[in-house]
Amino acid sequence: MLFLYNLAVLVASFVLKLVANFSPKLKLFVDGRKNVFSQLQQEISEQDKVIWVHTASLGEFEQGLPIIEKLKIAYPNYKILVTFFSPSGYEVKKNTSVADLVLYLPLDTKKNARKFIELARPKLAIFVKYEIWPNYLQELKQQQVPTLLISAIFLKRQVFFKGYGDFMRKSLHTFSHIFVQDKNSQDLLNSIDINKSTVAGDTRLDRVSEILERDNSLDFMATFKKGDLCMVAGSTWPEDEAILLDAINKADEQIKYVIAPHNIKEAHIQKLKGAITKKTVLFSELDKTEFADAEVLIIDTVGLLTKIYSYADIAYVGGGFATGLHNTLEPAVFGIPVIIGPEFKGFKEAEDLVQLKGVLPVSDKVELQKTLDGLVQNPGFRKETGTRNANYITQNKGASVKILHHIKTLL
């Protein structure tokens with residue numbers, strides 16, 4: 001199976017180079033890897049001590065960030081190398097100040113793995129959640145580099161637990177220690193004779209907890225909300241917006257609405273604005289118009305959503321009708337109820353919060369209207385629902401402290 005895996009990686013490398021000529025995203029994926037080895041040679045010397053953190057994309061980077069930040073404080077003499085697999089992570093975080101060097105990870109061939117690790121010379125390697133690359137892991141083991149997997153979550157249906165998954169099981173065995181999110185994941189590891197694991201929880205809970213300690217104030221939000229009840233719909237897709245707009249247009253109560261779409265291209269923003277019958281303003285227009293009496297604010301930029309959630313009394317998180325649920329923890333940390341679409345299986349935090357009845361799934365516009373009416377008309381119910389979310393995060397944070405304690409035994 002390992003032979004077939006290596007063959008598949010080589011074929012994929014060839015195909016990606018061809019297809020990249022027709023896809024801007026794949027072109028970033030391919031071109032971004034061309035200078036990785038020369039960058040390593042320029043930026044890392046033989047005298048440097050390096051901690052390498054690998055993440056797939058932006059979501060996994062956010063999971064790893066509490067660890068990276070603590071490592072920067074605990075080990076100021078080490079360089080932090082962060083790698084990404086996906087352009088959507090690298091392009092957003094390539095200039096982040098928390099790392100000394102940010103690169104794409106070359107494809108998982110034996111040759112690439114050997115050269116990358118020879119040049120990076122990590123004293124410790126940390127992989128986040130699902131990043132299992134057999135050749136890199138085998139090379140790290142041969143070089144006797146302590147290697148951790150953090151915030152991992154395992155399910156019975158994964159290849160590691162199938163009869164044909166032997167080569168991937170061997171990759172899991174190369175980790176020095178695995179930090180999992182729940183007991184079920186640890187039990188699954190034990191079933192394949194992996195006993196070096198700790199149930200630590202999800203480091204994202206530490207990440208969102210830190211949000212409460214920041215200054216989340218936004219003058220335009222204070223002016224827009226003006227003491228009214230406010231619903232914030234974040235990271236919405238057209239499927240989400242189809243049911244949201246119906247509820248917004250029919251609403252009689254004095255409620256302010258903020259929509260932060262996933263797609264902020266002008267054509268989509270204008271179509272969205274045109275479908276709303278209430279007075280609507282765009283974030284990009286705020287300095288040109290009087291907006292205090294507007295009922296709907298569309299955020300046609302990025303980077304503000306987390307702070308905007310701090311002004312919400314009710315949140316809606318998009319993706320549950322479309323490509324995959326977005327981050328429910330960011331609004332949940334503010335102790336407000338969160339509404340989502342019906343597709344949330346596989347997102348542990350969403351599953352947990354749905355069970356606790358802090359996150360409320362809806363399957364259509366009728367259910368959304370009923371849920372909104374209940375939250376708007378019953379302040380006690382709204383507060384109780386939001387409190388469940390805040391309590392969940394408070395009670396389950398602390399994963400990064402456990403992981404850092406283990407790291408101190410390795411460095």
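**Salt bridges and exposure**

Reader: Why is Glu62 called partly exposed?

Author: In this predicted model, Glu62 has a relative accessible area of 22%. Buried means under 20% and exposed means over 50%, so 22% falls in between and Glu62 counts as partly exposed.

Reader: Okay, and what makes Glu62 and Arg207 a salt bridge?

Author: Their closest N and O atoms are 3.1 Å apart. The cut-off is within 4 Å, so the pair passes. Glu62 sits in helix H4 (residues 58–74) and Arg207 in helix H10 (residues 203–211), so the bridge links distant parts of the chain, 145 residues apart.

Reader: Why does Arg207 count as buried?

Author: Arg207 has 15% relative accessibility. That is under 20%, so the label is buried.

Reader: How do you know that Glu210 and Lys70 meet in a salt bridge?

Author: The N to O distance is 4.0 Å, and the rule says within 4 Å, so the pair counts. Glu210 is in helix H10 and Lys70 in helix H4, so this pair ties together parts 140 residues apart in sequence. As for Lys70, its 24% relative accessibility makes it partly exposed.

Reader: Which residues are linked in a network of salt bridges?

Author: Glu62, Glu69, Lys70, Arg207 and Glu210. The structure holds 22 salt bridges.

Reader: What makes Lys250 exposed?

Author: Lys250 is at 55% relative accessibility, which is over 50%, so exposed is the word. Lys250 also forms a salt bridge with Asp246, at 3.3 Å between the closest N and O atoms. The two are four residues apart in helix H12 (residues 238–250), so about one helical turn separates them.

Notes:
Residues are numbered from 1 along each chain as its sequence is written. This is a predicted model: local features need pLDDT of at least 70, side-chain atom pairs count only at pLDDT 80 or more; totals for chains, interfaces and linings use all residues. Side-chain values use heavy atoms; hydrogens and water are left out. A salt bridge is a side-chain nitrogen of Lys or Arg within 4 Å of a carboxyl oxygen of Asp or Glu. Buried means under 20% relative accessible area, exposed over 50%, partly exposed in between (1.4 Å probe, protein chains only).
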